[in-house]
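Try each task before reading its solution.

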Amino acid sequence: MNCLTYAKEQDSTTIHLEAPHLTDRIHSDRPPIQLSVDKARKKSKTIVSATKNLFNPCNGSYVKTNGTTCGLKQIMLGRCYEYQYIKYQLFLTNRSNVKNCSQLYQTFESAVRHKQHCNMNMSTYQAYFDLALADVHVINRAMFWSGTYGVTHAYGGNGANYITLEDTLAAAMVNGLVWCGNENATEGFDFISCPNSCKDNRWADLAFWGLASKTFAQLAAGEIYVVLNGSQINRSAFRNNSYFSDFELPNFRRIGEYRVTKINILLLHSPDAKVVEKCGEKSLIQLEELVLNKGFQYACKDDPEELILIMCGNQWEARECQIARRVLRQAWDTKLYGTSISKQNSYSFSLFLLTFLFEILSSIKF
């Protein structure tokens with residue numbers, strides 16, 4: 001009843017649109033890089049008994065857990081075929097470009113199945129990445145990010161404009177999925193609980209995404225782009241113990257045909273948020289020194305227009321974005337009607353206001 005009443009109260013000539021969300025995911029699945037595990041995390045760590053592991057939530061009715069994603073194999077195989085034959089079929093020029101999806105999955109599974117997660121290391125998935133990304137080079141289109149996942153991927157356009165790590169076959173097959181092995185389970189996977197962190201082996205937490213970041217950096221060539229966040233209060237735009245500083249920047253190639261020549265920093269400042277640092281300030285000074293010392297050219301730009309539009313697309317009620325919206329509306333009205341309706345409305349309001357003030361002044365006896 002309330003919905004019907006609300007609908008009747010609306011002007012039938014108007015259309016209300018919600019702010020667009022230009023990416024369906026705004027956060028990454030990469031685990032944070034931590035040198036140590038604090039006491040709070042140790043206390044909250046889930047302990048799963050051997051009897052509970054006998055239960056498989058993927059058989060019969062679906063039960064949500066924090067274990068391996070149900071249908072992991074089917075999802076990964078489907079994504080592999082979709083990636084090659086639907087999403088990126090235009091890039092396949094001959095049969096040698098096509099990867100064997102079954103072989104890829106088997107290589108991935110052999111690294112995980114019946115293996116304890118906290119025994120993993122940076123070499124665990126090496127064969128998988130070697131197979132998935134063989135003969136791949138990303139020239140002048142590689143885009144890296146830190147604290148800007150949503151905006152970066154919206155701008156990259158799923159590989160149409162720029163290519164991020166998540167746009168590669170190796171990462172696309174598993175992005176958003178959860179997995180971990182169990183040496184005692186028949187299926188070889190733990191469908192009940194995968195550990196959030198391994199207190200005695202930090203490399204286990206970084207085994208996949210750390211190697212993924214390192215491998216992607218080695219594939220980049222020519223000019224590369226790095227999108228950073230200059231509005232973070234509690235951490236700097238560039239910092240140590242990040243994927244970019246630990247796995248990507250040290251692995252850009254400096255020699256050979258497929259070497260990186262220039263690193264372009266795109267520093268964003270979120271609408272309605274404080275500007276914490278700009279190009280040439282604070283951590284960006286440290287980053288510039290590191291880049292130049294490695295022999296790369298360096299450039300930094302604050303808030304490129306192309307990315308401002310994307311940020312406002314997600315936060316169009318922000319103060320800065322409302323001003324931009326009015327300017328765009330006037331430009332589009334002029335394009336459509338030869339004059340700006342918003343300007344006409346502004347003129348009409350100004351005329352009304354002046355008339356109203358004149359009547360008030362006329363009624364006053366001096």
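**Exercise 1. Which backbone atoms lie close enough to the side chain of serine 231 to be listed as polar contacts, and at what distances?**

*Solution.* Keep in mind throughout that this is a predicted model.

Step 1: Take the nitrogen side. The backbone nitrogen of serine 270 is 3.0 Å from a polar atom of the serine 231 side chain.

Step 2: Take the oxygen side. For the backbone oxygen of lysine 274, the distance to a polar atom of that side chain is 3.3 Å.

Step 3: Check the cut-off. A polar contact needs N or O atoms within 3.5 Å, and the values of 3.0 Å and 3.3 Å go with that.

Step 4: Serine 231 sits in the loop between strand 3 and helix 10 (243-248). Its relative accessibility is 11%, so serine 231 counts as buried.

**Exercise 2. Classify two aromatic pairs: what geometry do tyrosine 105 and phenylalanine 108 have, and what geometry do tyrosine 162 and tyrosine 225 have?**

*Solution.* Step 1: Decide what to compute. A pair of aromatic rings is described by the distance of the centres and the angle of the planes.

Step 1: Get the overall tally. There are 23 aromatic pairs in the structure. One of them joins tyrosine 105 and phenylalanine 108, with 6.4 Å centre to centre and 35 degrees between the planes. Planes under 30 degrees apart would be stacked and over 60 edge-to-face, so this pair lands in the tilted class.

Step 2: Look at the sequence spacing. Tyrosine 105 and phenylalanine 108 are about one helical turn apart, because they are 3 residues apart in helix 4 (residues 101-112). Both tyrosine 105 and phenylalanine 108 are buried.

Step 3: Do the second pair. Tyrosine 162 and tyrosine 225 are 5.1 Å apart centre to centre, with 65 degrees between the planes, and that makes an edge-to-face pair.

Step 4: Find out what the second pair links. Tyrosine 162 belongs to the loop between helix 6 (149-156) and helix 7 (169-172), while tyrosine 225 belongs to strand 3 (residues 220-229), so the pair ties together parts 63 residues apart in sequence. Tyrosine 162 is buried at a relative accessible area of 17%, and tyrosine 225 is buried at 17% relative accessibility.

Step 5: Widen the view. Tyr105 and Phe108 belong to one aromatic cluster, whose members also include Tyr125, Tyr128, Phe129, Trp179, Phe208 and Trp209.

**Exercise 3. How many salt bridges does the structure hold, and where do the residues of each fall between buried and exposed?**

*Solution.* Side chains of opposite charge can pair when their charged atoms come close.

Step 1: Count. The structure has 3 salt bridges.

Step 2: Start with glutamate 305 and lysine 301, whose closest N and O atoms are 3.6 Å apart. Lysine 301 is partly exposed, with a relative accessible area of 41%.

Step 3: Move to glutamate 317 and arginine 325, where the closest N and O atoms are also 3.6 Å apart. Glutamate 317 is exposed at 53%, whereas arginine 325 is partly exposed at 34%.

Step 4: Finish with aspartate 333 and arginine 329, with an N to O distance of 3.2 Å. Both residues lie in helix 13, 4 residues apart, about one turn of the helix. Aspartate 333 is buried at 5% relative accessibility, but arginine 329 is partly exposed at 42%.

**Exercise 4. Which arginines sit over tryptophan rings?**

*Solution.* Step 1: Go back to arginine 325. Its charged end is over the ring of tryptophan 316, 4.9 Å from the ring centre, and arginine 325 also has the salt bridge with glutamate 317.

**Exercise 5. Which residues make up the nonpolar surface patch, and which element gives the most to it?**

*Solution.* Step 1: List the members. Leu309, Leu328, Trp332, Leu336 and Tyr337 form the patch, with about 570 Å² of accessible area together.

Step 1: Assign the main contributor. Helix 13 (residues 319-337) gives the most, with 4 residues.

Step 2: Zoom in on one member. Tryptophan 332 is in helix 13, and at 46% relative accessibility tryptophan 332 counts as partly exposed.

Terms used:
Residues numbered from 1 in each chain as written. Predicted model: local features only at pLDDT ≥ 70, side-chain atom pairs only at ≥ 80, totals over all residues. Heavy atoms only, no water. Phe/Tyr/Trp six-rings, centres within 6.5 Å; stacked < 30°, edge-to-face > 60°. Helix = DSSP H or I, 4+ residues; strand = E, 2+ residues; numbered from the N terminus. Buried < 20%, exposed > 50% of the residue type's maximum accessible area, 1.4 Å probe, protein only. Lys NZ or Arg CZ within 6 Å of the ring centre and 35° of its normal. Patch = residues over 30% accessible without salt bridge, like charges linked within 9 Å, V, L, I, M, F, W, Y side chains within 5 Å. Areas by Shrake-Rupley, 256 points an atom, 1.4 Å probe, with all protein chains shown as cover. Salt bridge = Lys/Arg side-chain N within 4 Å of Asp/Glu carboxyl O. Polar contact = N/O pair within 3.5 Å; in protein donor to acceptor, adjacent residues only side chain to side chain.
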